[in-house]
Amino acid sequence: MKPMQPPLQLLCSAFVLLLLLLCRPLGANGRDAPPPSPSPVPPLAQPALLPAPAVNGSAVAGLPETAAPPPLVVIVVERHRHLRRELIAAIVLSSVAGAMIVLAALYAFLLWRRSRRALVDYKDTQSIDTARMALAPMLNSFNSYKTSKKSAAAMMDYAALEAATGKFSESNVLGVGGFGSVYKANFDGGFAAAVKRLGGGAQDCEKEFENELDLLGKIRHPNIVSLVGFCIHEVNRFIVYELMENGSLDSQLHGPSHGSALSWHIRMKIALDTARGLEYLHEHCNPPIIHRDLKSSNILLDPEFNAKISDFGLAVTSGNHSKGSIKLSGTMGYVAPEYLLDGKLTEKSDVYAFGVVLLELLLGRKPVEKMAQSQCQSIVTWAMPQLTDRSKLPNIIDPMIKNTMDLKHLYQVAAVAVLCVQPEPSYRPLITDVLHSLVPLVPMELGGTLRISPDSPYATQKYSPR
Ligand SMILES: Nc1ncnc2c1ncn2[C@@H]1O[C@H](COP(=O)(O)OP(=O)(O)OP(=O)(O)O)[C@@H](O)[C@H]1O
Ligand SMILES: [Mg+2]
C-alpha cells in the first residue's frame, strides 16, 4: 500500500491531538481539572447529586450556616457550567472538523493537479517519442550511427546527408541564416528532415553548434523543434532537425505570400504555441533557459501551423551567466533595451522579443523597417501610440486580417503586446501570464478554450487559412 503523504499524516496527528485535548476533563473554572485524589467524600456526595434541602433550611451537619449556598442554586449553576462547557466544546469541535475538511479538500485538489500535470507531460513526451521511433529505421541505416556523449542526438554519416540533400543543391535550400543555409533532405525510406550547414569553422559558429546540441538535445516539448542528429565533416558542422513544412513565421509573414495563409485565429494559435514553448523553457526547465534569440525566423510552422521554437545556439541557462560573461547577442528589433544598453539578461528579455513577434502578427510589419535617408524605425516606437488608442488600432492592423476578428479580442492582444514591450523589465508580464491571457482567444480546435458559435461572423475563418 502507498504510505500516507507527510502533510496528510501531519493533519491527522494534529486532529487527534486536538480531540485528546478537548476530551480532557475541565475544572469548574474552565481550567484543567486536577488529577483525581483519594477523597474521603464518596462520589454521591457531589453537590449536583445532593438530596433536596430540608424545607426549614437547616444546614448540612458540621458546616457553618453562612458558608454553604442553597443546594438548588448549586445545582442550577453547575448545570449551566456543564451546558456552557459542552456548547463551547461542540463549537470548537465543529470548527476544527470544518477546518480539517477544508484542508483535506485543498490537499486532495493539489494532489489531483500534480498528477494531472504529470499526465500531460507524459503525453507530450510520448508523442515526441513516437516521432523518434519513426526515425529509428532511418538512423540505423546510416553506416556510422553513434550516440553523442553530449546530447541525445544521433551522429550522422556525411555521405548520407550529402545524398539526401542532392549534394546540398540550391534547389533544396529552405532558407539562409547568418551562419549558413538550411536544406531539405530526403532520406531513403521516404523520411524528410531539415539540415542546417554551419560553414567556415569560425569560433562563434563552433560555440553555437555545441550549445545547440547540448541544450536542444535535452529538451522535448511539442512547441520546440526536435533535434534529429548532427554531423562533423572537415570545417563544416551540420545539425539535422525535424522538417517544418510551412517554414518560418518570418517567411510566412514577410515572404511572397505576405501572411495570406495566416488567418486571425491561426495567428493567435501561433502566438499561443510560442508562449507555451517559452513557458516550458522559463518555468519547467531546471535551471531555466533564456532563449536570447526569439524572432519570427526562429518560429517554425508544421503543416497544421503548429508553431515550434528553434535555434538554441545563443540560449543560456539562467544563473549560468553574469553581466559581461557572455557576448551581447541577438537580432536588431527584438533585443530588450536593458540588455542592449546594460547587458542585463533575464527571462524578461525573451518576453520583450515575444511582444515584438506579437506586433508582427498583428500588424504584418517587420520589427525594423527602413525609412528614407537610410534611417530605420522599430515597430515598437512606431506602433506604441496607436496600440493604446482604440479608435486608431483597427486601422494599423495587417490588411490581410483587417476586420476579421472580434474587436474585443484585438484590444486584448494589443494590450498584451504593449505590456510585453515595456522598456522597464519589471513592468513586463511573466510568459505564464501571457500564456493564460491568450488561451481564451484561441478556438478549442486549435488548442485554446474559445468556443465559436456557428452564427458568429468569424465562424467561417475559424482555422482554415485564407
Ligand atoms: N527545421 C526546419 N524546417 C524547415 N525550415 C527551416 C528549418 N530550420 C530552418 N528553416 C528555414 O531556414 C531559415 C534559416 O534558418 P537559420 O536558423 O539558419 O537562420 P535564421 O533564423 O533565419 O537567422 P539567424 O542565422 O540570424 O538565426 C529559417 O528562417 C527557415 O525559413
Ligand atoms: Mg533560425
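Pro 287 lies in the loop between helix α6 and strand β8, the latter spanning residues 289–290. In this predicted model, the peptide bond that joins Asn 286 and Pro 287 is cis, with omega about 0 degrees. Most peptide bonds are trans, and most residues other than glycine have a negative phi.

Phe 168 belongs to the loop between α3 (158–164) and β3, whereas His 258 belongs to the loop between α5 and α6.

The protein as a whole has twelve helices and 13 strands. Of its 466 residues, 29% are buried. Among the contacts with a separation of 6 or more, 65% are between residues 24 or more positions apart.

| Residue | Other C-beta atoms within 10 Å | Class |
|---|---|---|
| Phe 168 | 18 | partly exposed |
| His 258 | 14 | partly exposed |
| Lys 402 | 13 | partly exposed |
| Ser 171 | 8 | exposed |

A residue is exposed if 12 or fewer other C-beta atoms lie within 10 Å of its own, and buried if there are 20 or more; Ser 171, with 8 such neighbours, therefore counts as exposed. Ser 171 is found in the loop between α3 and β3, and its C-alpha atom is 8.9 Å from that of Lys 184, a residue 13 positions away in sequence. Lys 402, for its part, lies in the loop between α10 (393–396) and α11 (407–420). Its C-alpha atom is separated by 10.0 Å from that of Ser 263, although Lys 402 and Ser 263 are 139 residues apart along the chain.

The next feature is a pair of helices. Two packed helices are described by the angle between their axes and the distance between the axes. Helix α6 covers residues 264–284 and helix α8 covers residues 347–363; their axes come within 11 Å and cross at roughly 170 degrees. Angles over 145 degrees count as roughly antiparallel, and α6 and α8 are therefore roughly antiparallel to each other. The residues of this contact divide into eight nonpolar, two polar and three charged. On the α6 side they are Arg 267, Ile 270, Ala 271, Thr 274, Ala 275, Leu 278 and His 282, and these meet Glu 347, Asp 350, Phe 354, Val 357, Leu 358 and Leu 361 of α8.

The remaining question concerns the ligand: which residues are closest to ligand 1, and how many surround it? The shell around ligand 1 holds 23 residues, and the closest are Gly 175, Gly 177, Gly 178, Ala 194 and Ser 297. The elements that give two or more residues to this shell are β3 (173–176), β5 (192–198) and α5 (249–254). The largest share, three residues, comes from β3. By residue type, the shell divides into ten nonpolar, ten polar and three charged residues.

Key: Residues are numbered from 1 along each chain as its sequence is written. Chains are lettered from A and ligands numbered from 1 in the order in which they are written. This is a predicted model: local features need pLDDT of at least 70, side-chain atom pairs count only at pLDDT 80 or more; totals for chains, interfaces and linings use all residues. A residue is near a molecule or strand if its C-beta atom, placed from the backbone, lies within 6 Å of it. Helices (H or I, at least four residues) and strands (E, at least two) are DSSP runs, numbered from the N terminus. Ala, Val, Leu, Ile, Met, Phe, Trp, Tyr, Cys and Pro count as nonpolar, Asp, Glu, Lys and Arg as charged, and the others, Gly among them, as polar. Two residues are in contact if their C-beta atoms, placed from the backbone, lie within 7 Å. Axes are lines fitted to C-alpha atoms, for helices over the stretch in contact, and angles run from 0 to 180 degrees between N-to-C directions. Angles under 35 degrees count as roughly parallel, over 145 as roughly antiparallel, 65 to 115 as roughly perpendicular and the rest as oblique.
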